[in-house]
Amino acid sequence: MSSSTLESGTAREASAPPRSGSFAEKAHQLAPIIESAADEIERTGTISPEVVDALRSDGLLWAALPPSEGGTGNILDYVEVTEAISFADASTGWITMASSVAAYLMTGYMPAEGPREMFGGSMKGIPIGHAFPGGMGVRVEGGYRVTGQWPFASGCTHADWFGVGFAVVDDAGDPVLDANGKKITRFGAADRGAVTILPNWDVTGLKGTGSHDMRVEDVFIPDRRVMDAYSIDPVRSEGIFLIGKDAFAVAGHAAVALGVMRRALREVAVITRGKPRRGYPVPVDEYPVFQFEFAKADAAYQSARAYLVTTCTEAQRQATEDLHLTDEIRVRMQHSATHAHHALEQVISFARIWAASQAFRNPSALGRTVRDANVVTQHLLIDNITAVDAGRSLIRTWQDL
């Protein structure tokens, strides 16, 4: 893909009729379509228009938003949708997660006029975003003039709205400070016509996310589409927004990991069915060592999923009933997400070894899963330091029992 400026406008028309059922049911119905396109998605570096239309028309990117915004207001719907899509193709699952997080941020933390403009039409605009303050914004009447460049713009090839983080500066380019002497940072949504994509996502895994760099030059972003980049206080009162930006984001990352794990287990089980191997007295799937290792890998997936779901369920209850999340449940949201990625490493290592050449042949669903997992586990939000931070807090929790 050559460098280009995306065409101006809001959401493109979707051609696919919406599926019926719950959001999770819609995702499972869509999964075979995504799976059939997965090799092409990896080859081209972007998800197909058919899949984009389905994600939009089925409302899957807004599943956890309040009912007034077309969702259920429940974080578990977002988790289940993301896992189901990631099982079919990790790149599409990653984009589902990333756009869901962007929609959550923009709806819950921007002035109401902004998300109404972006998502209020019959065909909602698809958002992506990068809150890192990689740009500079000068305050002008009614908004900001923003310039900057941001990496990892997952889903940029089909997005309608681009969230960009920036530091507020004066006309001379010097940082503007708040009353406490700290730099002021904002997160704003630019129309796709204002964004230039710099194609540099040349990677070994998650190739279909198209996570290129994006750039804007002196683009006006109105106040209705701007929020405090690091605010922890939503402007909406619904419980789903009390879960918080960070917790919502890491739950989606964990759901991607779960989907990839589940796919790896399915692939290695099928690959080894009745498969002879030199020196083995029985087919691989009947060999006791393989069966023992498979049981351990299955337990890693099941336990990681149970931890995440249990934690999200309690977070949802606290947010909607208590209107407040305890410190422990906030820690466990992060911890369960990081743990899911450690489990993914275990499951992928097991599957790669026992699948033999199927772990690196092309086209191969397991080979793609192995490559994608290598990238999924590298994100900053689930770096090992997050487990260190969680451990510090959880030790005190156990000490106080």
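This is a predicted model: local features need pLDDT of at least 70, side-chain atom pairs count only at pLDDT 80 or more; totals for chains, interfaces and linings use all residues.
Which element gives the largest share of the lining of the largest pocket?

1. The largest pocket. The answer is α4, which contributes 7 residues to the lining. In total 50 residues line this pocket, and those nearest its centre are Ala131, Asp246, Ala249, His379 and Leu381. Besides α4, the elements that supply two or more residues are β2, β3, α6 (239-242), α7 (245-271) and α9 (327-355). The pocket holds about 1500 Å³ of space. Its lining is made up of 33 nonpolar, 13 polar and 4 charged residues.

2. The strands. Strand β2 (residues 127-140) runs antiparallel to strand β3 (residues 143-153), and 6 bridges join them. Within this pair, Val138 faces Arg145 of β3. The two strands form a hairpin with 2 residues between them, and Gly142 in the turn has a positive phi of about 85°. β3 also pairs with strand β7 (residues 212-222), again in the antiparallel sense, over 8 bridges. Here Trp150 has Met214 of β7 as its bridge partner.

3. The α3 and α4 contact. Helix α3 (residues 75-88) packs on helix α4 (residues 90-109) at an angle of about 155°, and the axes lie 7 Å apart. Angles over 145 degrees count as roughly antiparallel, so α3 is roughly antiparallel to α4. From α3 the contact takes Tyr78, Val81, Thr82, Ile85 and Ser86; from α4 it takes Ala90, Thr92, Gly93, Trp94, Thr96, Met97, Ser100 and Val101. By class, these are 7 nonpolar and 6 polar residues, with no charged ones.

4. The largest cavity. There are 2 cavities of 30 Å³ or more, and the largest has a volume of about 70 Å³. Its lining consists of Ser86, Phe87, Ala88, Asp89, Ala90, Val260, Arg263, Ala365, Arg368, Thr369 and Asp372. Two or more of the lining residues come from each of α3, α7 and α10 (365-376). α10 gives the most, with 4 residues. The lining divides into 5 nonpolar, 2 polar and 4 charged residues.

5. The second largest cavity. This cavity contains about 40 Å³ of space. Leu61, Trp62, Ala63, Ala64, Leu65, Tyr78, Ser100, Tyr104 and Phe248 line it. By class, that lining has 8 nonpolar residues, 1 polar residue and no charged residues.

Notes
Residues are numbered from 1 along each chain as its sequence is written. Side-chain values use heavy atoms; hydrogens and water are left out. Two strands pair if DSSP finds at least two bridges between them. Axes are lines fitted to C-alpha atoms, for helices over the stretch in contact, and angles run from 0 to 180 degrees between N-to-C directions. Angles under 35 degrees count as roughly parallel, over 145 as roughly antiparallel, 65 to 115 as roughly perpendicular and the rest as oblique. Contact means heavy atoms within 4.5 Å. Ala, Val, Leu, Ile, Met, Phe, Trp, Tyr, Cys and Pro count as nonpolar, Asp, Glu, Lys and Arg as charged, and the others, Gly among them, as polar. On a 1 Å grid over the protein atoms alone, a cavity is a set of points where a 1.4 Å probe fits but cannot get out, and a pocket is an open set with protein on both sides within 12 Å along at least five of seven lines; lining residues have an atom within 4 Å of a point. Grid points are joined across faces, edges and corners, and a volume is the space filled by probe spheres set on the points.
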